[in-house]
Amino acid sequence: MDLRSADPSTPAEYRHAVPRAEVDVEHALAAVAPICADVRERGSVAVLEAGERFDRVRPERLRVPAEAMERALAELDPQIRAGLEESITRLRTTCEAELEESVTTEVAPGARVERRIVPMQRVGLYVPGGLAPLVSTVIMNAVPAQVAGVPGIALASPPQADFGGLPHPTILAACALLGIDEVYAAGGAQALAMFAYGTEDCPSVDLVTGPGNIFVAAAKRYLQGTVAIDSEAGPTEIAIIADDSADAAYVAADLISQAEHDPLAASVLITDSEALAEAVDAELTRQVPEAKHQERISTALGGRQSATVLVRDVDQAIDVANAYAAEHLEIQTRDTSAVAARIVNAGAVFVGDFTPVSLGDYAAGSNHVLPTAGCACHSSGLSVRAFCKNMHVVTYSAEALHEVGDKVVTLAEAEDLPSHGAAVSIRTER
Ligand SMILES: NC(=O)c1ccc[n+]([C@@H]2O[C@H](COP(=O)([O-])OP(=O)(O)OC[C@H]3O[C@@H](n4cnc5c(N)ncnc54)[C@H](O)[C@@H]3O)[C@@H](O)[C@H]2O)c1
Ligand SMILES: N[C@H](CO)Cc1c[nH]c[nH+]1
Ligand SMILES: [Zn+2]
């Protein structure tokens, strides 16, 4: 990979140590805007036509028939089923532990404020299916939604020309395993627009979640405001902070593992050891030719979005990592927990030699739908919290209102909104 030295200037400028992929969300917006507008205008037929154009297949209908789901589950390889069930169990354990309780506070006698946790009522889950059928993403989207108690769950994944226009059978099988029965054969921006605007086949949703390629990330940005989104979970990124104690073969394997997602995927090594950098490069040279998706991997590793960043020391490595805000950050150094404790910007952090990103992709119990393109500075990885809302439920007794009423009236007068005050005094002066 390209070797760059971190600018010795202020950490704020480290953001530019490694740029994001060439085709970033801004550029893709021009491609997705007309697709979304067309779906808004023409509904399902626009979704089907976009699928024909970009996925080279037109399913008979957008909604996947129940028998196709049942068949897919019946025909699912038992070993894959066992893997999915383990992934579901571990993620469900985490989601149930993270589910927040409603809390009631009595701010004064007879004056109660309840923070009620309420699930979204209808959500649209997106599961990528272009370069690889990401069956694990069905789990990452559906389990937190189900634990949150969302009553209306719809899922979309691209139609596959090899499967008669249905989404990949393992994706359908995972849906059936989880009891998700509202599934659509739609991908990319057109799928998200279908969820956001609704069509004659698919009622609109309150929230869209799930990762995707640059067009999916751009569609999320375009549709924000029409529908809530979880985060821009676009082309995959891995950054690794490693010192000379790291195992170069592990580091190279992890960089390759995420590069195989997408030619636009970013693999970034941040190290204070030139020897480690050289050893990782040698391992990449050895391992990449043996990889099934070596072309896609080489493109990703050779892109401007991938690099080895040479830093002065681990302190500077932490500053560069926090500025870059990777989707996945691995830490393979001495004293990994001390380094992990200083990370503030990352989609998820993987600590130590035996916690590779691939573990989190499938079965760690963490969620693999994570913010990319620097969004980890302000956005979170998908969790049960994304599917819940806080709603204050306020209940005052007459006595409690009398106790605070004059102050409410005073503040209303101060804002020249006297009728606000009158709505209180009509009660307290009776
Ligand atoms: N950030 C995360 O949490 C996360 C998780 C998993 C995967 N990913 C990323 O998701 C992506 C999956 O990408 P994918 O392509 O395999 O599947 P995808 O389902 O995201 O995208 C495929 C869709 O893109 C649309 N499309 C293709 N070319 C287009 C064009 N020129 N204009 C408009 N639309 C077009 C098609 O409709 C197709 O259905 C990868 O980049 C992977 O790295 C990210
Ligand atoms: N690493 C991806 C997030 O960028 C998630 C994933 C799904 N399947 C394999 N990997
Ligand atoms: Zn992955």
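The predicted chain has a mean pLDDT of 95, and 97% of its residues reach 70 or more, where pLDDT is the predictor's confidence in each residue on a scale from 0 to 100. For the complex, the predictor gives an ipTM of 0.98 and a pTM of 0.94. Residues are numbered from 1 along each chain as its sequence is written, while chains are lettered from A and ligands numbered from 1 in the order in which they are written. Because the model is predicted, local features need pLDDT of at least 70 and side-chain atom pairs count only at pLDDT 80 or more, although totals for chains, interfaces and linings use all residues, and side-chain values use heavy atoms, with hydrogens and water left out.

The chain contains 16 helices and 14 strands, these being DSSP runs numbered from the N terminus (H or I, at least four residues, for helices; E, at least two, for strands). Taken along the principal axes, the C-alpha atoms fill a box of roughly 85 × 55 × 40 Å. Of the 430 residues in the chain, 52% are buried; here buried means under 20% relative accessible area, exposed means over 50%, and partly exposed lies in between, with a 1.4 Å probe and protein chains only. Among contacts between residues at least 6 apart in sequence, 74% join residues at least 24 apart, a contact being heavy atoms within 4.5 Å.

The burial of individual residues can be illustrated by S267, which lies in strand 10 (residues 266-271) and is buried, with a relative accessible area of 0%. When neighbours within four places in sequence are left aside, the residues in contact with S267 are M1, I238, L255, A259, L301, Q305, S306 and A307. Y396, by comparison, belongs to strand 14 (residues 388-396) and is partly exposed, its relative accessible area being 38%.

A metal site was also examined. The zinc ion (ligand 3) is coordinated by Q258 through OE1, H261 through NE2 and D361 through OD, at 2.1 to 2.6 Å. Donors are N, O and S atoms within 2.8 Å of the metal (3.2 Å for Na, K and Ca), and water is not among the atoms, so sites may look incomplete. Along the chain, the donors of this zinc ion follow the spacing Q-x2-H-x99-D. Of these residues, Q258 counts as buried at 1% relative accessibility, whereas H261 is partly exposed, with a relative accessible area of 28%.
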